[in-house]
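Q: Got a structure I'd like to go through with you. Can we start with the contacts and work outwards?

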Amino acid sequence: RGLSEISTSQTGSKSGQKFFVTADGRYFMKTITKSESKFFRKVLQQYYDHVKSSKNTLLCRFFGLHRIQPGNLHLLVMSNIFDTDRIIHQRYDLKGSTV
């Protein structure tokens, strides 16, 4: 029982990508497109430098980017930001938001 799939009704995903969470709730995985994978590889060094120099950053921690074959599936592994002892009063979906 290592992984559980999260339904798109729970995530609000319109992309058709699949979401998974580990049994202990600490890690979250998402399938991503090839172009998203290219983007993450492009910004990886800047992301790494920022996280390393900013220990208290609020950015999500990414732990892996994998390509699984056959099927050419791209999988992003990250920390589950909702795995916390703190009470979450409000959640915001910032996808596509502009300032």
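Q: What share of the contacts with a separation of 6 or more comes from residues 24 or more positions apart?
A: That share is 33%. Contact means heavy atoms within 4.5 Å. Bear in mind that this is a predicted model: local features need pLDDT of at least 70, side-chain atom pairs count only at pLDDT 80 or more, and totals for chains, interfaces and linings use all residues. Residues are numbered from 1 along each chain as its sequence is written, and side-chain values use heavy atoms, with hydrogens and water left out.

Q: Which elements does the protein have, and in what order?
A: From the N terminus, they run β-α-β-β-α-β-β. That comes to two helices and five strands. Both are DSSP runs numbered from the N terminus: helices are H or I with at least four residues, strands are E with at least two.

Q: How many salt bridges in the whole structure?
A: A search finds one. The term covers a side-chain nitrogen of Lys or Arg within 4 Å of a carboxyl oxygen of Asp or Glu. K18 pairs with E5, and their closest N and O atoms are 3.6 Å apart. The two sit 13 residues apart, with E5 in strand 1 (residues 3-6) and K18 in the loop between helix 1 (8-11) and strand 2 (19-22).

Q: New topic. What about V51, where is it?
A: V51 is in helix 2. V51 counts as buried, because its relative accessibility is 16%.

Q: What does V51 touch?
A: Leaving out residues up to four places away in sequence, V51 touches T57 and R61. V51 and R61 are 8.0 Å apart, C-alpha to C-alpha, and 10 residues apart in sequence.

Q: And the surface: which residues form the positive patch?
A: K34, K38, R41 and R67. Lys and Arg count as positive, Asp and Glu as negative; His and the chain ends are not counted. Helix 2 (residues 34-53) gives the largest share, three residues. R41 lies in that helix.

Q: How do you define a patch?
A: Its residues have over 30% relative accessible area and no salt bridge; like charges are joined within 9 Å, nonpolar side chains (Val, Leu, Ile, Met, Phe, Trp, Tyr) within 5 Å. Each charge is placed at NZ of Lys, CZ of Arg, CG of Asp or CD of Glu.

Q: Which residues form the nonpolar patch?
A: I81, F82 and I88, with about 270 Å² of accessible area together. I81 sits in the segment after strand 5 (73-79). I81 is exposed because its relative accessible area is 53%. Areas come from the Shrake-Rupley method with a 1.4 Å probe; for residues, only the protein chains shown count as cover.

Terms used. Buried < 20%, exposed > 50% of the residue type's maximum accessible area, 1.4 Å probe, protein only.
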